[in-house]
Amino acid sequence: MKIKFSKDFLWGTAISGPQSEGALDKPHESIMDFWYKQNPEDFHNQVGPEVTSNMYLQYREDIEIMKQLKLNSYRTSIQWTRLIKDFETGEPDLKAVAFYRDYFKRVKESGIVISVNLFHFDMPIELQNIGGFENLHVVDLFVKYAETAFKEFGDLVDNWITFNEPVVPIEGGYLYKWYYPKIVDFKRGIQAGYYTILAHSRTVKTFKKMFANDSNKQISIVLNLTPAYPKDNSPENMEAAKIRDLIFNKSFLDPVVKGEFPKELIALFKSENILPIYTKEELKDIKENIIDFLEVNYYQPSRIQSRITPFEGQIMPEKWFENYEWAERRINPHRGWEINPKTLYEIAKDIQQNYNNFKWLVTENGMGVENEHLFKDETGQVQDDYRIDFIKEHLYWLNKAIEEGSSCFGYQMWTFIDCWSWANSYKNRYGLVELDLKTQKRIIKKSGFWFKEMIENGKEIEIEDNLIK
Ligand code: BG6
C-alpha cells in the first residue's frame, strides 16, 4: 500500500553537540569528558568524547550532505561547556559564539528548519560537583546560559528546546548507574528531576519574555516516551504498568504540557516520603510556562507486571513493578531494545486523546546496529535495508494516526551521521551517513538515499504488506 504525508511535513535528523562536535576548544569539561578521563574502560573500545564525529571542524561539509539528502529540518544541541566561559555570569566564549553562529547560519541558509537544544545529558563537571540539578543555584545558572544562547543565536534558530530526555540523566545518574555520577538514590533523583523541570519552565518563561514580539519563535522539550504495557488485564498488572507510566512518562509530560504533576504521582511519592522540596512560587512558574509544541523520541515500549518477587532494599521505582519479557517481542539484537512500531501510533493517540491533541513531532526514532561494515556492498556502501524497513514500519503507524487526526507535523531520525554515544561510544551505528572513525570520511548509506528519494517523491511511501504488523 501507499502512504502519503503532507507537503509541509518536516523530515530530518537529530543529533547532539557532545555526540557529534567533539571537545576541541571547549573552555570546560562536561561530566562525560570527566568520566572518560577517570574511567576510559567504561566506554566501548575506550573511545571517548574528544573527537566524536568531528562536526566542530567538518560541519560545512556535513551541511552540504544534508542539502544533498533534501532534509528540511535538523536538530542539534549547544554544549553548555562550550558556549559559556563563566557559568556564574553567563558570559559566552567568543570562539564558541563564532562557531555556532556560522554553523546555524549555514543550516538556515540551506532552507533547513533548525531546532537547537540546550541540554543533552552534558552537565558541566564543575556544576555537577556542586550538586548538578539537585542544587537550585544550578537552575539559575542554566537559565542564565539559556538567556545567553537566546541572545547570541535567537535570530538564527527557528525552534528552541530546553532539554533532551530529562528523565534519562535521572535514570542513568541516580538510579541505574549508567552514567556519572552513578549515584543510587531515588529521593535525590526526584529532587534533581523536579529542579530540571523548574529549570525548563523558567527557561520557557525567559524565552517568552525575550521573544514576546516574535510569534515565529517557539520553544519545546524533547521527551522519550516509553509506554508501559501490562502483562495482562489483571488489576495488579494494570496498576503496576500505570505506576511505571506515572514515574517515567507522565512525571515530565504532564508538567510541561499541562503545567501540573499528576495527582496520583504526588500521592505515591508522599506515601514514601520522597517528595522533592518545592515552593508555591516554583509550582506557579511550572503552571504558567508550558511549551509551544512537544518533541517525542520513541525507541521502545516497556513491558510491565506487578512484583512477583518481594521488593527489598532502598526505595527504587521497582518497588511497584517488574519488567518482564514478552514472548512475542521483536528485539534489535545489537541494542537489545524491543522494536514495536505500533507503539508510535499509541503515543499519537494518547497525545490526541489525553493531551488535547497537542502539536508534536517525532524527534528521534532509529535503529542502532553494530558492525555495519559487514553490510557493505562492492562499492563500499552500507546496504541497511533493515533500517529502511524499520523506518517504513514506523511511518506506517505514524501516518495512520495522522489520518485519524493526530497533530504530528514531522519525523526526525536518530541520526544524521553515525555518532558517539555515551558509554556505548561507536558500538551501535544509527546514521543515514556512515562515519569512518579513523579517517573521518563520510559515506551516505542506502537508507540516506532512500530517505532522499522519499522526500523527492512528494513524501509518498510504498509499504510492503509484510511490514504492516
Ligand atoms: C536517545 C538519546 O536516548 O537515544 C541519544 O537522545 C542516544 O543521545 C540515542 O544516542 C540512542 O541510544 P544509544 O544508547 O544506543 O546511543
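This is a predicted model: local features need pLDDT of at least 70, side-chain atom pairs count only at pLDDT 80 or more; totals for chains, interfaces and linings use all residues.

Biologist: How far is the polar side-chain atom of Arg335 from an oxygen atom of the ligand?
Modeller: That distance is 2.6 Å, from a polar atom in the Arg335 side chain to a ligand oxygen.

Biologist: And what about His120 and Asn164, how far are their side chains from a ligand oxygen?
Modeller: For His120, an N or O atom of the side chain sits 2.8 Å from an oxygen atom of the ligand. Asn164 has a polar side-chain atom 3.0 Å from a ligand oxygen.

Biologist: OK, switching to helices. At what angle do H3 and H5 pack?
Modeller: H3 covers residues 55-68 and H5 covers residues 94-109; they pack at about 15°, and their axes are 10 Å apart. Angles under 35 degrees count as roughly parallel, so H3 is roughly parallel to H5.

Biologist: Is the crossing left-handed or right-handed there?
Modeller: Left-handed, as H3 passes H5.

Biologist: Which residues make that contact?
Modeller: From H3 you have Met55, Tyr56, Tyr59, Arg60 and Ile63. H5 brings in Lys95, Phe99, Asp102, Tyr103, Arg106 and Val107. By class, the contact of H3 with H5 has 7 nonpolar and 4 charged residues, with no polar ones.

Biologist: Now H8 and H9. Are they roughly parallel or antiparallel, and why?
Modeller: The axes of H8 (residues 167-175) and H9 (residues 186-210) cross at roughly 150° and come within 9 Å. Anything over 145 degrees counts as roughly antiparallel, so that is the label for H8 against H9. Their crossing is right-handed.

Biologist: And who touches whom in that pair?
Modeller: On the H8 side, Ile170, Tyr174 and Leu175. On the H9 side, Phe186, Arg188, Gly189, Ala192 and Gly193. In terms of class, the H8 contact with H9 comes to 5 nonpolar, 2 polar and 1 charged residues.

Biologist: What's the peptide bond from Tyr180 to Pro181 like, cis or trans?
Modeller: Cis, with omega near 10°.

Biologist: What about the bond between Trp414 and Thr415?
Modeller: A cis peptide bond joins that pair too, with omega at about 15°. Thr415 sits in the loop between strand S16 (408-413) and strand S17 (433-435).

Definitions and conventions:
Residues are numbered from 1 along each chain as its sequence is written. Side-chain values use heavy atoms; hydrogens and water are left out. Axes are lines fitted to C-alpha atoms, for helices over the stretch in contact, and angles run from 0 to 180 degrees between N-to-C directions. Helices (H or I, at least four residues) and strands (E, at least two) are DSSP runs, numbered from the N terminus. Angles under 35 degrees count as roughly parallel, over 145 as roughly antiparallel, 65 to 115 as roughly perpendicular and the rest as oblique. A crossing is left-handed if the near helix is turned anticlockwise from the far one by less than a right angle, and right-handed if clockwise. Contact means heavy atoms within 4.5 Å. Ala, Val, Leu, Ile, Met, Phe, Trp, Tyr, Cys and Pro count as nonpolar, Asp, Glu, Lys and Arg as charged, and the others, Gly among them, as polar. A polar contact is a pair of N or O atoms within 3.5 Å; within protein, one must be able to donate a hydrogen and the other to accept it, and residues adjacent in sequence count only if both atoms are side-chain atoms.
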